Amino acid sequence: MFVQNAVGYGRTGLYGGKQSENYKFSFDIRVLRNGLNETFPRAGGFAAYIDDDNFAAFYVDAYYSNIVIYERSGGKPSDRTTNIKMPDGFDYYADHNLKAVRRGRTFEYYVDGKLIASRTLSIGASQVALITEDAQARFANVVRTVGGERENIAWKAYDTKVDINGKTVYGTKVTQGVWKRPKTKLVFIAY
């Protein structure tokens, strides 16, 4: 299990996995709280990540009550964002399972086992990532399978920069966003 605390400007992430064009990537997520600095606080993952010009991301946006799919191929002019409202009664702060299945250029996105979108995106072999932007979230049961085999992912935190109109506005806060595994607490109960 991982807990990510990144409240403030910038994206904080754990990136990993072998470069591949065919895999399944899933994780359980619970958004614990949102910050106030980002335009769109979110927590989730990259279904595919090559670099900041070529990726497919999917998030829980508990602040605006959406599941967001954000894709880019070859740079900013190709940005494509899809906001998906879940059915009435969907609790964006509850535990959920997010899954992406990549088959070459085809991406399928699932929430709690239900297919919510199927998209086509032209990018090369990619890694995956767990990410937050101005949010605190808990991740568990993180699994990527390649060729039917479960991958033992070696995670790395990368610095990235966020540009708006060609100007670097901010980078990730990898020193403020601390990825950690929660420690078990021993609790005594008196009878």
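Mentor: A residue is called buried under 20% relative accessible area, exposed over 50% and partly exposed in between, using a 1.4 Å probe and protein chains only. This is a predicted model, where local features need pLDDT of at least 70, side-chain atom pairs count only at pLDDT 80 or more, and totals for chains, interfaces and linings use all residues. Residues are numbered from 1 along each chain as its sequence is written, and side-chain values use heavy atoms, with hydrogens and water left out.

Trainee: Why does F27 count as buried?

Mentor: F27 counts as buried because its relative accessibility is 0%. F58 is buried as well, at 2%.

Trainee: How is a pair of aromatic rings described?

Mentor: By the distance of the centres and the angle of the planes. Rings of Phe, Tyr and Trp (its six-membered ring) pair if their centres lie within 6.5 Å; planes under 30 degrees apart are stacked, over 60 edge-to-face, and the rest tilted. Here there are ten aromatic pairs. One of them, F27 with F58, is tilted, at 5.6 Å centre to centre and 50° between the planes.

Trainee: Which pair is stacked?

Mentor: F107 and Y109 are stacked, with 6.4 Å between centres and 15° between planes. Both are buried. Ring pairs join F25, F27, F58, F107, Y109 and F139 into a cluster.

Trainee: Where does the charged end of R144 sit?

Mentor: A charge sits over a ring if NZ of Lys or CZ of Arg is within 6 Å of the ring centre and within 35 degrees of the ring normal. The charged end of R144 sits over the ring of Y23, 4.3 Å from its centre.
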